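Visitor: Please take one part of this model and go through it closely. I would like the pairing partners, the layout and whatever packs there.

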Amino acid sequence: MKDNITFVNLLNIYESEISKNVKNKKKLIKFEINKVQNITNIIDMLNSGNVGHEHYNIFLIYEPKCRLVMSLSVRDKIINHFVTRYALEAKLTKYLDSRNVATRKGMGTDYGIKLVIKYLKQLKNKNFYILKIDISKYFYSINHEILKNLLIDKLDGYEYDLICKIIDSTNKEYINSTINKIKKDNKVEVPLYYHELGLPIGNVSSQILSIFYLYKLDHYIVHDLKLKYYVRYMNDFVIMDNDLEKLRKVRDIIIDKLEKEYKLKINTKKTKIVSCREGFSFLGYVFKAINKKLVIKIKRSNLEKIKGRVKEVRYLLDKDKISHYRAFCSIMTYSNCYKYASNIKVLNLIDKYFYYEK
């Protein structure tokens with residue numbers, strides 16, 4: 001990775017990945033004023049083995065649900081993206097199974113939904129069952145020691161040292177002090193970071209590390225347990241099979257591995273085995289197979305979120321806080337985002353709560 005520490009590479013990351021997505025424009029302007037010197041300083045930092053990551057701006061976001069985000073300075077964002085691209089993605093991608101669908105280029109939500117539909121079409125003419133496994137507070141629970149042991153033989157010494165510094169950046173005392181203040185001020189329940197546990201929510205490095213953390217389990221499920229109808233999106237597992245007893249046995253095996261080998265806790269409310277007629281929710285949809293017919297519907301909780309957002313956009317428009325163009329663009333996003341199911345309910349919500357008569 002050291003050979004890639006060049007002004008051109010870092011400038012490209014800044015212009016193609018950072019500058020377009022930084023919402024705090026004051027941060028951006030401050031960086032732009034001395035852009036050449038700032039990037040030169042980043043080169044010096046990386047050459048000396050320094051990744052920064054000394055302070056996170058911690059705040060809440062409410063879409064798609066209320067959660068914490070830990071935002072870095074522009075300088076540290078560039079470093080994080082650089083390390084992710086030239087060390088983590090370059091060295092770890094080859095270990096990831098294609099059924100592990102989150103975040104990677106060419107994959108993500110759409111790819112995961114297509115894979116589920118593909119498997120359901122192959123199984124729908126028979127009676128089959130679905131094992132759903134959900135890990136509780138996954139990002140906050142990733143064990144630093146276990147993760148480092150998985151990484152140590154896949155990165156060179158320089159890369160490994162940089163990544164360990166990023167992983168350990170959640171151990172600083174001010175993080176939980178800030179989170180406790182946010183909880184008190186906003187009256188919300190969000191998890192704290194225990195020492196040597198968790199990845200920073202918001203770092204691009206956390207995305208690749210979180211999908212890598214269970215890569216051995218992915219291969220074990222597919223190749224050792226012989227479960228080919230398997231899809232994982234981060235901490236959400238879906239396994240389909242015709243044999244109910246087999247799914248019951250492998251459920252216990254997988255949960256045992258997650259708890260003992262990875263020190264993770266299962267969300268018992270969301271972990272269950274259902275029949276194809278009962279259906280299951282995954283990536284915003286509910287999937288069922290009834291009388292050899294595949295049925296796909298938008299998840300009810302997602303419809304409620306859309307309803308709330310449509311009402312909010314209408315309120316902002318009525319108060320002249322957003323333009324008609326921005327309001328229209330926002331609403332049209334919802335009308336077109338659920339392409340794998342009938343969006344008539346979404347359109348009805350828009351008609352009722354946006355295009356209503358005042």
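Guide: Start with isoleucine 290. Its bridge partner is lysine 293, in strand E9. Strands here (E, at least two residues) and helices (H or I, at least four) are DSSP runs, numbered from the N terminus. This is a predicted model: local features need pLDDT of at least 70, side-chain atom pairs count only at pLDDT 80 or more, and totals for chains, interfaces and linings use all residues. Residues are numbered from 1 along each chain as its sequence is written, and side-chain values use heavy atoms, with hydrogens and water left out.

Now widen the view. Strand E8 covers residues 285–290. Six bridges join E8 to E9, and the two run antiparallel. Strands count as paired if DSSP finds at least two bridges between them.

The sheet has three strands. Their order is E7-E8-E9, the pairing is antiparallel, and the sheet is open. The edges are strand E7 (280–282) and strand E9 (293–298). Each has a single partner strand, so one side of each is left without a neighbour in the sheet. From one strand to the next, the twist averages 30 degrees. Angles run from 0 to 180 degrees between N-to-C directions, and axes are lines fitted to C-alpha atoms, for helices over the stretch in contact.

Helix H5, residues 109–123, lies across E7, E8 and E9. Contact means heavy atoms within 4.5 Å. H5 runs at about 10 degrees to E8.
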